[in-house]
Amino acid sequence: MGSSAAKALLVAGSLLTVLELGLVGANFQDDCDITWEPQNAKMDEGGNHLTLSLVSNSSGCMLRSKKQFIFGSVSTRIKLVKGNSAGTVTTYYTSSIGDKHDEIDFEFLGNETGQPYTVHTNVFADGIGQKEMQFRPWFDPTADYHNYTIFWNQCMIVWFIDSIPIRVFRNHAAQGVPFPTQRQMYAFSSIWEAEDWATQGGRVKTDWTKAPFVAEYRDISLRVCDCASYGAASCPQSCASASNWYAAPDLCQLSKEQLRQMRAVQLGYTIYDYCADSKRYNGTVAPECSMPQY
């Protein structure tokens, strides 16, 4: 896509959207724990600024929210690793714990200096994943902070970048397609090494002379249905109540403007879509690929 189309997307991202995705009411220090290699995490500005560092092939870092939840929106702003980030993966995702887990992913796959990142998205339900879509960013994600949001309700999952929806995965559980509704999730951020596959299929390895590789985060919003308010057994039913803000009927589909924005991103910046990969499914595609998503 040309520069004029990219500019149009940036302008569209500043428009008022159906969802209010402001980053308020939480910070990393008070609302999260460092669950892996805490020496590689640093917080300042009262917990509103965070860095996660990848120091070696066995020493990255992971942050996890204290809250467990079913449904809502989770947002943060990230500035990805600068320069040669080949073989590194920076993440922002939600996940349950245990067998047949549920998970909603943003993963940012690094690249050689001057080459673009890959924005990797995926969803798991009942332990079943392999629903990847990948995009090239229409901006430099290492030059400044950008807002990444996961919105999840009973109707659909939406991935946003700077308030622009890039993907929707709709609830077709009634048609036999697994969709996460029962398992409480945490929000996670991490940085780790995956040089065997992350960059150009593993062809380009990590240059460890450039370590540490540092990702920066600012602000976090957890507008979620907190399971601590109901208890684990009651959480799925309570969080499915139609009285919750995310269950409003107009949040079960994208607005016309959001749909236009998403189509522009998918037309110009998609580099992989599992629904277009018939070779992976022996000449067919996953059943939800023929079902409405928007």
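Modeller: Start with strand E6 (residues 88-95), which runs antiparallel to strand E13 (residues 186-193) and is joined to E13 by 8 bridges. Strands (E, at least two residues) and helices (H or I, at least four) are DSSP runs, numbered from the N terminus. Two strands pair if DSSP finds at least two bridges between them. This is a predicted model, where local features need pLDDT of at least 70 and side-chain atom pairs pLDDT 80 or more, while totals for chains, interfaces and linings use all residues. Residues are numbered from 1 along each chain as its sequence is written, and side-chain values use heavy atoms, with hydrogens and water left out.

Colleague: Which residue in E13 is the bridge partner of Thr88?

Modeller: The partner of Thr88 is Glu193. E6 is also joined to strand E7 (residues 103-109), by 7 antiparallel bridges, and there Thr90 has Phe108 as its bridge partner.

Colleague: How many of the residues of E6 are buried?

Modeller: Buried means under 20% relative accessible area, exposed over 50%, and partly exposed in between (1.4 Å probe, protein chains only). In a regular strand the side chains alternate between the two faces of the sheet. In E6, 8 of 8 residues are buried. One side carries Thr88, Thr90, Tyr92 and Thr94, the other Val89, Thr91, Tyr93 and Ser95.

Colleague: What is the strand order in the open sheet of 7 strands?

Modeller: The order is E2-E3-E14-E5-E10-E11-E12, with antiparallel pairing. Strand E2 (41-44) and strand E12 (164-170) are at the edges; each has a single partner strand, so one side of each lacks a neighbour in the sheet.

Colleague: Which residues have the most contacts inside the largest nonpolar core?

Modeller: In soluble globular proteins, nonpolar side chains tend to be buried together. A nonpolar core is a set of buried Ala, Val, Leu, Ile, Met, Phe, Trp, Tyr and Cys residues joined through side-chain atoms within 4.5 Å. Here the largest has 69 residues, and Phe106, Trp152, Ile157 and Trp159 have the most contacts inside it. E14 gives the most to this core, with 7 residues.

Colleague: Where is Asn244, and why does Asn244 count as buried?

Modeller: Asn244 is in the loop between helix H3 (235-239) and helix H4 (256-269). Asn244 counts as buried because its relative accessibility is 16%.
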